[in-house]
Amino acid sequence: NDSQIGLFGWVRGTACIKNVIIDSSCSFTGYNRVGALIGVIQTNVGASDPLEILNCINYADVTATSGAAASMMGAGAKQYPYFECMNCVNAGKISGASKGAAFQGWNKSEGGNAKLWNCLNIGNVSVLDGNDNLFRGNNRSIANCYDLTNTGSQYQGEHPTWKTADPLHSGELCYLLNNALREDLKSGQNKGIVSYKQDLNDPNSIPLPIPNGKVVYQRATYNCDGTPNGEVEYTNEETAVVIPPHDFNEKTGFCTYCSKINENWKSPEADGFYHLSTVEDVEWFSHMVRDAKHGAMKVKLDNDIDFGGVADAHLPIGSSGNKFFGHFDGQGHTIKGMVLTTGSKLNDR
């Protein structure tokens with residue numbers, strides 16, 4: 001009849017718990033705030049010093065007879081923390097009397113967006129309240145997470161278009177967990193995040209965030225942007241990835257297949273400036289700044305540039321992330337017919 005049940009009962013911010021496996025021979029039952037790893041988390045610490053849970057795996061059953069239950073964290077207390085739960089797997093049965101979730105039973109996260117990233121659930125979860133079977137609460141950030149037991153309306157995370165009939169055992173899911181990460185998650189490697197491993201010779205194996213094990217590789221024929229072209233298979237044997245060259249359009253400077261910019265399409269002239277004469281030149285310059293991060297370019301216009309009054313034909317030069325800070329000399333020439341209305345091209349790009 002007690003609450004705050006788990007390997008850890010109460011945990012505050014700045015704590016780091018990682019590389020822990022809770023075996024199926026364990027079980028955790030309590031009144032409320034029940035977790036295999038942590039019963040309750042309590043802190044008002046913000047993003048600069050969050051609670052960290054990394055590379056943890058749960059196989060145990062977790063039950064709350066009245067309140068919230070989950071594998072990694074039962075629930076938050078009065079002061080709700082900013083936490084980062086990354087590279088974690090739940091394979092246990094989670095049963096909450098009124099609130100159940102695979103990884104975190106409830107969290108208000110007043111200190112900022114709590115993060116559930118790169119996690120996998122293959123354990124059954126009940127009782128669900130809405131669409132929150134992975135992580136209940138608000139101010140949440142969920143990325144590259146997969147739930148293979150409640151994949152209908154209860155699904156949370158990024159749902160891929162599966163390339164194999166059995167993504168869990170074929171190696172596809174393991175590959176995605178390692179290679180479909182957001183850039184900010186990749187930068188977290190210095191926190192000790194390990195890669196997922198899986199032995200594809202074992203038909204019962206699942207992806208696990210462990211330091212030792214068999215790496216999963218993708219075997220396919222690839223397009224110039226690195227996407228597979230046709231059938232894909234996964235293997236524990238390291239395979240060479242051959243990416244064909246881009247097919248750059250000589251008139252626009254972009255790949256005809258994937259629209260990647262050819263950074264060498266134009267070169268500075270003797271005066272050190274890029275000289276632009278056409279609409280295509282200007283749009284190439286815009287992408288050099290926005291996409292290729294060449295914000296310090298020195299540019300001169302050699303002609304009037306007429307966009308022909310076509311709405312959204314121009315992509316503004318510079319973005320919030322990649323600003324222009326170079327030298328632009330119009331040399332007295334005129335920009336004509338530029339109409340920016342809906343921003344649709346910005347969204348497309």
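Predicted model: local features only at pLDDT ≥ 70, side-chain atom pairs only at ≥ 80, totals over all residues.
In general, nonpolar side chains of soluble globular proteins tend to be buried together.

## The chain as a whole

The protein chain has 5 helices and 31 strands. Of its 349 residues, 45% are buried. Among contacts in the chain with a separation of 6 or more, 70% are between residues 24 or more positions apart.

## Helix H2 and its cover

Helix H2 covers residues 172-179 and is mostly covered, with 6 of its 8 residues buried. Those buried residues are Glu172, Leu173, Cys174, Tyr175, Leu176 and Leu177.

What lies over the buried residues of H2? The cover includes helix H1 (167-170) together with strand E18 (120-121), strand E22 (146-147), strand E23 (196-197), strand E25 (217-222) and strand E26 (228-235).

## Cysteines

How many disulfides does the model contain? The count comes to 0 disulfides. A disulfide is a covalent bond between the sulfur atoms of two cysteines.

Cysteine 88 illustrates the result. The cysteine sulfur closest to that of cysteine 88 belongs to cysteine 85 and is 3.7 Å away, too far for a bond, because the cut-off is within 2.5 Å. Cysteine 88 is buried, with a relative accessible area of 0%. Cysteine 26, by contrast, is partly exposed, at a relative accessible area of 30%.

## Aromatic pairs

The whole structure holds 7 aromatic pairs. One of them joins phenylalanine 83 and phenylalanine 135, whose ring centres are 5.5 Å apart and whose planes are at 50°, so the pair is tilted. Phenylalanine 83 is in strand E12 and phenylalanine 135 is in strand E20 (residues 135-137), so the pair ties together parts that are 52 residues apart in sequence. Both phenylalanine 83 and phenylalanine 135 are buried.

For tyrosine 274 and tryptophan 284, the ring centres are 5.8 Å apart and the planes are at 50°, so this pair is tilted. Tyrosine 274 belongs to strand E27 (residues 274-276) and tryptophan 284 to helix H4 (residues 279-290), so the pair ties together parts that are 10 residues apart in sequence. Tyrosine 274 is buried at a relative accessible area of 15%, and tryptophan 284 is buried at 0%. Trp265, Tyr274 and Trp284 form one aromatic cluster.

## Lysines over rings

Lysine 266 lies over the face of tryptophan 265, at 5.7 Å from the ring centre. Tryptophan 265 is also a member of the aromatic cluster with Tyr274 and Trp284. Lysine 300 lies over the face of phenylalanine 273, and here the distance from the ring centre is 4.6 Å.

## A sheet of 3 strands

Strands E5, E10 and E15 make up an open sheet in the order E5-E10-E15, with parallel pairing. Strand E5 (34-35) and strand E15 (99-100) are at the edges, each with a single partner strand, so one side of each is left without a neighbour in the sheet.

Strand E10 (residues 68-70) runs parallel to E15, and 2 bridges join them. Where in E15 is the bridge partner of alanine 69? The partner is glycine 100.

## Threonine 227

Threonine 227 is in the loop between E25 and E26. Both of these strands are also part of what covers the buried residues of H2. Is threonine 227 buried or partly exposed? Threonine 227 is partly exposed, with a relative accessible area of 31%.

Leaving out residues up to four places away in sequence, threonine 227 touches Thr221, Tyr222 and Tyr257. From C-alpha to C-alpha, threonine 227 and isoleucine 243 are 9.0 Å apart in space, and they are 16 residues apart in sequence.

Conventions. Residues numbered from 1 in each chain as written. Heavy atoms only, no water. Buried < 20%, exposed > 50% of the residue type's maximum accessible area, 1.4 Å probe, protein only. Helix = DSSP H or I, 4+ residues; strand = E, 2+ residues; numbered from the N terminus. Contact = heavy atoms within 4.5 Å. Phe/Tyr/Trp six-rings, centres within 6.5 Å; stacked < 30°, edge-to-face > 60°. Lys NZ or Arg CZ within 6 Å of the ring centre and 35° of its normal. Pairing = 2+ DSSP bridges.
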